[in-house]
Amino acid sequence: MKIVAIKEKIKRTGIFIPVRLHLVLLIVALAWSAKWLRENNALPETARTAIINLFITVTFWFALAILIVSFLSAFIPWMLFLLNKKNNRSSLKIKVAERDNKPNDNQLVQIEIANVMKPLFGYVRLRLFYDGQNISPKFSPVPAETKK
């Protein structure tokens, strides 16, 4: 298999993974900094060290709780999307407006998507597959109506 084909396959399968590289780097940085702070306490077994260790523990659990809630708020809509995709419940409608014959005129496209849930702390980003091999750049859909 050629490198270009492998890169394209990774790109296509990476679209359906809810975890991004930023999350992995954040977890590694938090673990490394907590380990470094615990090892580099200047005065072992003092009140200062106990307070620093308590602060590190509280911060770690607070950050972990926020990450778990954020991950679940993205994971649940992702699983619902995969179930809807598997059962053919989600739909996509594309409407193309008429185009003027001006040379620099952009083509207007309206996309309607049904059965897609927005994550609590996130947003929905889409890509379109077309021609059997091409992938559009990521874009955010704009809601047709504002909720009151």
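# Reading contacts, packing and pockets in a predicted model

Colleague: Which residues does Asn84 touch, not counting residues up to four places away in sequence?

Modeller: With those sequence neighbours left out, Asn84 touches Arg89, Ser90 and Asn115, where a contact means heavy atoms within 4.5 Å. This is a predicted model, in which local features need pLDDT of at least 70 and side-chain atom pairs count only at pLDDT 80 or more, while totals for chains, interfaces and linings use all residues. Residues are numbered from 1 along each chain as its sequence is written, and side-chain values use heavy atoms, with hydrogens and water left out.

Colleague: Where is Asn84 found, and is Asn84 buried or exposed?

Modeller: Burial is read from relative accessible area, computed with a 1.4 Å probe on protein chains only: under 20% is buried, over 50% is exposed, and values in between are partly exposed. Asn84 is found in helix H3 and counts as buried because its relative accessible area is 12%. Leu82 also lies in helix H3, but at 27% relative accessibility Leu82 counts as partly exposed.

Colleague: What pattern does the protein chain follow when read along the sequence?

Modeller: Helices (H or I, at least four residues) and strands (E, at least two) are DSSP runs, numbered from the N terminus. The protein chain has three helices and four strands, and they follow the pattern α-α-α-β-β-β-β. Of its 148 residues, 9% count as buried. Among contacts between residues at least 6 apart in sequence, 40% join residues at least 24 apart.

Colleague: At what angle do helix H2 and helix H3 pack, and how far apart are their axes?

Modeller: Two packed helices are described by the angle between their axes and the distance between the axes. Each axis is a line fitted to C-alpha atoms, for helices over the stretch in contact, and angles run from 0 to 180 degrees between N-to-C directions. Helix H2 (residues 21-39) and helix H3 (residues 47-86) pack at about 170°, with their axes 10 Å apart. That makes H2 roughly antiparallel to H3, given that angles over 145 degrees count as roughly antiparallel, under 35 as roughly parallel, 65 to 115 as roughly perpendicular and the rest as oblique.

Colleague: Which residues of H2 meet which residues of H3?

Modeller: From H2 come Leu23, Leu26, Ile27, Leu30, Ala34, Leu37 and Arg38, and they meet Asn53, Ile56, Thr57, Ala63 and Leu67 in H3. By class, this contact of H2 with H3 has nine nonpolar, two polar and one charged residues. Here Ala, Val, Leu, Ile, Met, Phe, Trp, Tyr, Cys and Pro count as nonpolar, Asp, Glu, Lys and Arg as charged, and the others, Gly among them, as polar.

Colleague: How much space lies in the largest pocket, and which residues lie nearest its centre?

Modeller: Rolling a probe the size of a water molecule over the atoms shows where empty space is left. On a 1 Å grid over the protein atoms alone, a pocket is an open set of points with protein on both sides within 12 Å along at least five of seven lines, whereas a cavity is a set of points where a 1.4 Å probe fits but cannot get out; lining residues have an atom within 4 Å of a point. Grid points are joined across faces, edges and corners, and a volume is the space filled by probe spheres set on the points. In this model the largest pocket holds about 1600 Å³ and is lined by 44 residues, of which Ile15, Arg20, Trp78, Tyr123 and Arg125 lie nearest its centre. H3 gives the most to this lining, with eleven residues, and the lining divides into 28 nonpolar, ten polar and six charged residues.

Colleague: What does Ile113 touch, not counting residues up to four places away in sequence?

Modeller: Ile113, placed in strand S2, touches Ser91, Leu92 and Leu126 on that count. At 34% relative accessibility, Ile113 counts as partly exposed.
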